[in-house]
Amino acid sequence: MLRRTGTCLTACALSLVLALPAQAQSPGRYEAPGLTRSPEVAAGGDYGLPSLTRGDSQAISGEEYRLGRAWLRQFRARAPEWQDAIAQDYVESLVARLLPHSGLGDARTAVTLVESRLLNAFAVPGGVIGVNAGLFAFAEHEAELASVVAHELGHLSQRHYARGQARAEQTQIPAMAAMLAGMLLAAGGGGDAGIAAAMGSQAAVIQDQLSYSRRFEQEADRVGLQAMADAGYEPGAMVEMFRAMQRMMSLQGGNPPEFLLTHPVTESRISDTQARANQVSVATPRDGDLHYQLVRARALLTIHERDPQQASTRLAQDQAPEAARRYLAALIDARAGRTDRALDALDALARSQPDLAMLPASAAQVAFEAGRIDEAITRSRRQLRLMPDYAPASRLLGEALLQRDPNEAYRVLRDLADARPEDPQAFTLLAEAAGRSGREAWGHLARAEQLQLTGRIDRAIRQLEVAKEVAEREGDGAAASHIERRREDFIGYRETLEKF
């Protein structure tokens, strides 16, 4: 059963966090055995977090980066994550495609997926982007999803949080703190009570900030429209999304989708967006909707896990491409134990769409989940020879190798964790691989990293203490030294978490 995850976390809601101190340390990157520290990390200080501030206002500062990552960890501790490596890779690619056109340059972003059927997406200072599975269900085409993500990137690029800080200081910071607490309560399963707390606190400041937030929404629309067009998406899709949300609200008796609670859509806003969209042209239209439709099939199957036929019905009603329907049917076959039939269908799709990395990765995953470990390893290795940077294939290979060759699994997962230092699941697998391959101290360290990434900082510090004891007992000076440095970072990091 999917759980409510609270109200949308948007510009006027999160100006509070930028009022917090900037001294806390970042959790940094994972340093597996044999890897050396980067010069900026070795120098200490902000633990390798560069200031991304440029001369203009369209940047992400080092302070925003640290606070955003701290908030993300708190959110992970409360919200149900949609743990789908293939969907994660897709959304990260979409963000990367829009980012250069959003005024954010090469800012480092972090994507989190939420297992919720509610229509929602959010952006948090420091480049954190969140997307609910329910947004895939609502957006029938890739350009519609891109319009929501581009809008959220617009909030970030225009520094609406930093610009809202001074305004918040002049109004009611305690009310904003209560609002954030209500949102976190709702994310943790507080449901209607948490949402009521958040919205009740918001009422105390919303009247004063209403015109201010409307201006922010207009700016985010403008930036998002241009980013969409530059990235190859039809800007009119943003208008279509707004109208679809309005229709959804009317069908629900005036109860807005979660996204509209802090992104109100009015007729004047739709008209303004339509006028702007008419003036923006797409130089090189993008043709990537099939990739989106396949990921959408995965989202629908997650939402309708108890009744997969509803996912099939939804795709058919929306006239999704035949390939997407065949893909979903293969996933349903796999869940029903019809493994050979599922693999045959996925292999056929992969031959017809050789550029879509998710198809062979899906087949390898089906084999793994059916207990065909050797086949999953073979399939993953074959794909990685052709597509060495495809993270979902690396993760699956590492997980499968745990059953056959823990040493090799450790090598694969160490590289994955190094490439994805914000990925809790990579560290979960790495901890298991370290333990199975006799690297006990490093296993405790990897477990500590997974705990701090999911907001359980006190447990992470205790885990580091165990790791240090093991390293000293085994005479592993390199591990002990690194663990001590990480302990100092974790303690400083805890100070930031406590502000929330």
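Colleague: Which helices each supply at least two residues of the lining of the second largest pocket?

Modeller: A word on the source: this is a predicted model, where local features need pLDDT of at least 70 and side-chain atom pairs count only at pLDDT 80 or more, while totals for chains, interfaces and linings use all residues. Residues are numbered from 1 along each chain as its sequence is written, and side-chain values use heavy atoms, with hydrogens and water left out. Now the general idea: on a 1 Å grid over the protein atoms alone, a pocket is an open set of points where a 1.4 Å probe fits, with protein on both sides within 12 Å along at least five of seven lines, and lining residues have an atom within 4 Å of a point. Helices are DSSP runs (H or I, at least four residues), as strands are (E, at least two), numbered from the N terminus. Here the helices you ask about are α3 (85–98), α10 (289–303), α12 (322–335), α14 (358–369), α16 (391–401) and α18 (424–436). With six residues, α14 gives the most to that lining.

Colleague: How much space lies in the second largest pocket, and which residues are the closest to its centre?

Modeller: A volume is the space filled by probe spheres set on the grid points, which are joined across faces, edges and corners. For the second largest pocket that comes to about 800 Å³. The lining has 29 residues, and Gln 83, Asp 84, Arg 298, Gln 365 and Glu 369 are the closest to the centre. By type, the lining divides into 13 nonpolar, eight polar and eight charged residues. In that sorting Ala, Val, Leu, Ile, Met, Phe, Trp, Tyr, Cys and Pro are nonpolar, Asp, Glu, Lys and Arg are charged, and the others, Gly among them, are polar.

Colleague: Let's step back to the whole chain. How many helices and strands are there?

Modeller: There are 21 helices and three strands. Of the 500 residues, 57% count as buried; buried means under 20% relative accessible area, exposed over 50%, and partly exposed in between (1.4 Å probe, protein chains only). Contact means heavy atoms within 4.5 Å. Among contacts with a separation of 6 or more, 71% are between residues 24 or more positions apart.

Colleague: How do I read two helices that pack, and at what angle do α3 and α5 cross?

Modeller: Two packed helices are described by the angle between their axes and the distance between the axes. Axes are lines fitted to C-alpha atoms, for helices over the stretch in contact, with angles from 0 to 180 degrees between N-to-C directions. The axes of α3 and α5 come within 10 Å and cross at roughly 60°. From α3, the contact uses Tyr 90, Leu 94, Val 95, Arg 97 and Leu 98, and from α5 it uses Glu 142, Leu 145, Ala 146, Val 149, Ala 150 and Leu 153. Those residues divide into nine nonpolar, no polar and two charged.

Colleague: And at what angle do α15 and α16 cross?

Modeller: At roughly 150°, with the axes of α15 (residues 373–386) and α16 coming within 9 Å. The residues of that contact divide into nine nonpolar, three polar and one charged.

Colleague: Back to α3: is Asp 89 buried or exposed?

Modeller: Asp 89, which sits in α3, is buried at a relative accessible area of 17%. Leaving out residues up to four places away in sequence, Asp 89 touches Tyr 390 and Pro 392. Tyr 390 is 301 residues from Asp 89 in sequence, yet their C-alpha atoms are 8.3 Å apart.

Colleague: What about Asp 221, and which residues does it touch?

Modeller: Asp 221 belongs to helix α7 (residues 173–231) and is buried, with a relative accessible area of 1%. Beyond four places in sequence, Asp 221 touches His 151, Met 238, Phe 242, Arg 269 and Thr 273. Met 238 also turns up among the contacts of Ser 147, along with Met 228, Ala 237 and Met 241. Ser 147 is in α5 (residues 142–157), and is buried at 2%.

Colleague: Last one: where does Gln 319 lie?

Modeller: In the loop between α11 (308–317) and α12. Most residues other than glycine have a negative phi. Phi of Gln 319, however, is near 55°, a positive value. Gln 319 is exposed, with a relative accessible area of 69%. Ala 320 is in the loop between α11 and α12 as well, but Ala 320 counts as buried at 3% relative accessibility. Its contacts, not counting residues up to four places away in sequence, are Gln 293, Leu 315 and Arg 325.
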